[in-house]
Amino acid sequence: MSQPFRTEKGGRIERAEQLTFTFDGEEMHGHKGDTLASALLANGVHLVGRSFKYHRPRGILTAGSEEPNALVGIYRNGDQTPNMRATQVELYQGLEATSQNRFPSLGFDIGAVNDRLSMFFPAGFYYKTFMWPKSFWDKVYEPVIRSAAGLGKPPKNPDHDFYGNMYAHCDVLVAGSGPAGLAAALAAAETGAKVILCDEQAEFGGSLLSEVNASVDGKSPTEWTGEAIAKLDAMDNVTLLTRTTAFGYFAHNYVALVERVTEHLSSPDPKLPRERLWQVRAKEVVIASGAIERPMVFPENDRPGILLAEAGRTYLNRYGVKVGHKVVVATACDTAWQAAFDLADHGVEVAAIVDMRETPPESLLSIAKARGIRVEAGCVVTGTLGRKRVKSALIGRLMTSGKVASGGQIDCDALLMSGGWTPTVSLYSQSRGKVVWNADMGAYVPGKSVQKERSTGGAKGLYGLQATLEDGYAAGEEAAKAAIGKSAKITHAASSGGEAGEGGTLGALPHDRNAAKVKAFVDYQNDVTAKDVKLAVREGMQSIEHIKRYTTTGMATDQGRLSNMNALQIASGALEKPVTDVGLTTFRQPYTPTTFGVFAGVARGDFFDPVRKTPSHDWVVKHGGVFEDVGQWKRTWYFPKNGEDMHAAVARECKTVRDNVGLFDASTLGKIEVVGPDAAEFLERMYTNPWKKLAPGRCRYGLLLNDAGFITDDGVIGRLAEDRFHVTTTTGGAPNVFATMEDYLQTEWPDLDVWITSTTEQYAVAAVQGPKAREVIAPFIEGIDLSNEAFPHMSVKEATFCGVPCRLFRISFTGELGFEINVSRQHGKMMWETLAKEIEKHNGTTYGTETMHVLRAEKGYIIVGQDTDGTVTPQDAGMTWAIGKKKLDFVGKRGLDRPDLVAENRKQFVGLFTKDPQVKLEEGAQVTSAENPSTGTPAEGHVTSSYFSPALGRNIALAIVKNGHALDGKTLYVPMPDGSIPVEITGPVFYDKQGARINV
Amino acid sequence: MLLVYCPHCDVERAETEFSCRGQAHIARPSDPSQTSDEDWVNYLYVRANTKGVYAERWRHIHGCGRFFNAVRDTVSDKFLKFYKAGESMPDLEALAKEAGK
Amino acid sequence: MKRYSFLELAKNAFSAHQNWGRQWRSPEPKAEYDVVIVGAGGHGLATAYYLAKQHGIRNVAVIEKGWLGGGNTGRNTTIVRSNYLWEESAALYNHAIGLWQGLSQDLNYNVMYSSRGVMMLAHTVHDVQVAQRHIHANRLAGVQNEWLTPEQAREYCPPLNISKNIRYPVMGAALQRVGGTARHDAVAWGYARGADDLGVDIIQNCAVTGIKRGQDGAVEGVETSKGFIKAKKIGVVAAGHTSTVMDMAGVRMPLESYPLQALVSEPVKPAFPCVVMSNTIHAYISQSDKGELVIGAGTDQFISYSQTGGIHITNHTIDAICELFPHFRRMRMLRNWGGIVDVTPDRSPILSKTPVPGLYVNCGWGTGGFKATPGSGHVFAHTIAKDEPHRINAPFTIDRFRTGRLIDEAAAAAVAH
């Protein structure tokens, strides 16, 4: 029950509410308001993980999202999430966490041998070895490297949770709710702007939540924060989002946020999403992301128990946790002193403050003296001892010579360090702004705004409570003015205390140790040391991008927020170039690692892509039809009866259509209404065929090319009146045909008086095909004499079907007498069910796409996209008959005259018979002239379609073959893995070559 | 996700309402039969692909359905001007200069 | 050049790695070169390497505006495969595969070419037809590629969801076992080190601002931010910036440059054994040696040189990844970035002489140039050295767009009825 490192009082945790959790199976206790990290520290646990490469014991370093070490696996309800930052995981009753990257246990990790052998593993070592023997890379080296690499274990099961999605517009988005962000939000909101304020933490307030030595408007910072939030919360124009990270800044002020909705709850409402993506279009953005403290790069700066100073202060003041009982504070700046003082005030023994500066400010020295704290000025930490927790710090005195003299050893159980502060410019950088170097601060700060944003407070290198508040108000006022053009008199809060400090250091610190033996870490998570950075430079890596990629510094999950500045300084020293000449890597979205599920949102299963269903869909489901996906459509593939397989079902369907009649749902075909005085002229220009002389009431097959001269689509077009055409397209091609028509019409031929309208969704289409087709539809059609004489093949007329208006086409894609009935979509179900019942009386069948394909192949009708592939011309397809010879121009005509399109030896559309009629060719199989071609022989062509033809009682195929039209009767080969198949070239029309059956 | 202005609808909408159709002001030769292969390939495929200020075609595909043109800086992705299809090409250099100010 | 080996590594360990030499120099440009390559990406560096190694042309400079390997070479998803449809493409990419297999040894630099297998999923009947056509064509061309049933596909890649209940169920897959991944930076660095060792000057942070042509129209040299550099021949290998560079010589290109995005997850222990691609639902995924899931997203619809893209593009890709691999929904994106890909009308590259004497261009690799790096450099070096294309790149001319002799890899995915 005891939490030995918990303070007596203070902090924002709810001491009355005790929570139980486990870490690596061990039960521990914490309080509501704790993070996993603060609860572990309260229990005296610093060792929480192992490092990436050397498997060194690692502890909690920070109190924020930049945490590189304390990455744990979280288990709940069978779901496992790797690499969660313990510093961000809120404690809840029953939380189950495990350490990562260790085997068999955190305490005893075999991988730690890497640390012993580390002299052989400098930066980039893997580029220099593992090359012999050659075959070992795939089989031996790589698998070993892979299993050693990686952090947590990947999730084992499909995620049980779901994720939400929100879109929002606002005048001012404020990212970050420390003093600057809070002031900005207050100013913008009070001016009347629509404001969204978000913060990645569980509570608003940022650094205000751990500030105990200041006051705002005479109140404690936390009290003032609470009142400010309550005020914002009461305003209708403000949206407050905690646990919400602004992670991506995209073009045109589009900002993506992720809200963690349920992860902190012990038993969340199952109706709530786990996380929610907010996509916000903000008129103005205020970046108030603050600054983070920089680690100091000294040997063994990575032992458990070593934390950033401000983190130590946050754990103390916000969470009521002492990071140790005896603490050394190492620093180069003022702010860390406050951590020492706060700890001392809570009865923690501060063993020493070790400040690199020869003369720290007198004001600090006097406070230290008053508390009896030993101060070692002009000193650095040159190393630490202790394997699983720091035991003592080695102290060195900085000499004027630049050398370091040993200054003894100080025992401790925790060490706080501060190398100064680094503004968090990630969002600014993502907005594509260019950071500029501020030599005084030793930091990169935001430069000119590229988008409509402004950084405020720590994010631009401005520190000190009063200055930050003021800057925040100004930013909020400016943003509101820019967004809504209004200003208002805003009352600014006045604060005292929380002054900005001086000082700071960059890069590796001097020491008196054996440089070859010690490791001073720059990038903790990736185990990159100062030596590694220097080695990269020695090997010729000059750009910071090369150094980053070679050493992997800055490529860890914090994207280098902790490490970049130190790495840059070390590189700058090694290159003997100013920092500004070394370059800076770009920060990328996401600001912190963001769950894939958030991006996927609700797009799963049927919501992955819209499902388009035809009016027969439910009937087909009921009658056991099998569907295939064609684009977004569900089309009926075939209708198995009595346990038939596909082959049997299709054979039966084909035979029934040819013998009697079949019903097919053709609703998916694209339909475009082309209307206007120039409708015929427009089609004349779009399609290869002539249209002007087509009489109303008649149809014609239309072939569409692109301007390069290749076939892109086809379909039957009916002329309903002088100025009205009903155009059909392929199912998949419909959107493109429509877009292409609009493009030519609007931008090339705006003079044409034509309207085009997509009507694909407006009509349901039933195709009734077969010798008995007329008898099937006759009872329901009124207004048309259906006789062959009055309504011959390729006719179209408006009539009624069961009393509802229809467009009746007499057309055929099967070679049989055929009709296609178009009724308004709402009557589609009625039409289908009526006809389905009727065909039964005529021993007919419903059929699907597969039968449609077989029947059309028997007739040699092409399917664009299957028998053509974007490289086929009308001549290749044997369709010169479809080209209006007298036309001066149509889309594709000029393209057809190009040298290669008129060249010899083009591949042409033909039929194929396998010599053995029982042998079915595979679609896509290659056609060659040699029976057993040697490898690398160019193919003569390939099989585009292949089916068993019930009408012919044998297998048939379609192909495109070089010079195919001249090869009729010749034998070619289709080489397969188990032997070559001889085939005979034939014409593509296999059945009823005279076309007698469609004209009955 | 760009924010695009449709000059026909007089609204700004998210990019996903629109379809971008490449470089603007490339007219289909008026008499293709008299056009050389070189000029035809220029019409079909050759594009300025400018790094900088570029006039391109957009269609408000999920709105009014109409085509319009936009001038955009292809480095910053900022739009500098929107105008209806059929209007003449603005002075791109002047727009670039204006944007640079 | 000091050879790399385990022994060398061990030896250096005892001198605290203080004695490693530079992998490449940072020379100032000379006044004149036999060949200037514009662009120090993988393809440009490989070209320089093979010019020096195979053709004995060592007075070569590679001029780079930024840092070497900083463009698409260092931004791609590192997929290597050669199972392209057309004989011309298959020959080119398979030539590259041949070189990949011995590249680490040839360069004495471990490029970590890992033939983990590339599996391309089929989700529709049409996809199956297209995949089968590829397999048959590849077999004839001597390119390894085979068909897997959904069950076999899952056996090869256990995280794959082959449930019939997803929106586009997996109907099978084409597997190229020799396909895989390689370490992109190492390819650039290995070629840079190799070329440098043979005398090639790699000049970084040097922007080409003009191409000078003589009275006869032939190239005379390049204007750069470091002054004029005379050159007998110039090879432009500038990927997304090719239009801009070629424009300096007055050559207009059939190219458009689009933003292409990619992303990685946080690193995890081995979770994914191969490369999986789905053209139909736009997902490309593998796992790096470091443990990150490496995922390729799509291009934006407009040209751009911003090296960023829209979030809706990324969303769409992750939708697909989470459909196919529902385990990964709880994984997290670590970094998302963009490159600039130069796309030709037929989605095949241009590796060609140009109308300008002495000017050569290697571009148009679109979203898939990394896999071709060694082969591309090899045949492009030949083209420059001999002033005529290698047999393998002969079909990849600029002129094909005029004549209509396209190598249309996009057409192969045409949509059916």
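Predicted model: local features only at pLDDT ≥ 70, side-chain atom pairs only at ≥ 80, totals over all residues.
**Helix α7 of chain C**
- α7(C) covers residues 184-197, and its 14 residues reach 20 Å from the first C-alpha to the last, close to the 20 Å expected at 1.5 Å a residue.
- With 13 of its 14 residues buried, α7(C) is largely enclosed by the rest of the structure.

**Helix α2 of chain C**
- α2(C) runs through residues 42-55; its 14 residues should span 20 Å at 1.5 Å a residue, and the 19 Å between its end C-alpha atoms agrees with that.
- This helix is mostly covered, since 11 of its 14 residues are buried.
- Among the buried ones are His43(C), Leu45(C), Tyr49(C), Tyr50(C) and Leu51(C).
- Just past α2(C), Gly56(C) has a positive phi of about 65°.

**The sheet in chain A**
- Five strands form an open sheet with antiparallel pairing, in the order β36-β37-β38-β35-β39.
- β36 (699-705) and β39 (755-758) of chain A sit at the edges with a single partner strand each, so one side of each has no neighbour in the sheet.
- From one strand to the next, the twist averages 25°.
- β37 (residues 711-721) and β38 (residues 724-729) of chain A pair in the antiparallel sense over 4 bridges.
- Ala721(A) stands opposite Arg724(A), which is in β38(A).

**The helix across it**
- α19 of chain A (residues 734-748) lies across β35 (670-675), β36, β37, β38 and β39, at about 165° to β39(A).

How values were computed:
Residues numbered from 1 in each chain as written. Chains lettered and ligands numbered in written order. Heavy atoms only, no water. Helix = DSSP H or I, 4+ residues; strand = E, 2+ residues; numbered from the N terminus. Expected span 1.5 Å × (residues − 1). Buried < 20%, exposed > 50% of the residue type's maximum accessible area, 1.4 Å probe, protein only. Pairing = 2+ DSSP bridges. Axes fitted to C-alpha atoms, helices over the stretch in contact; angles between N-to-C directions. Contact = heavy atoms within 4.5 Å.
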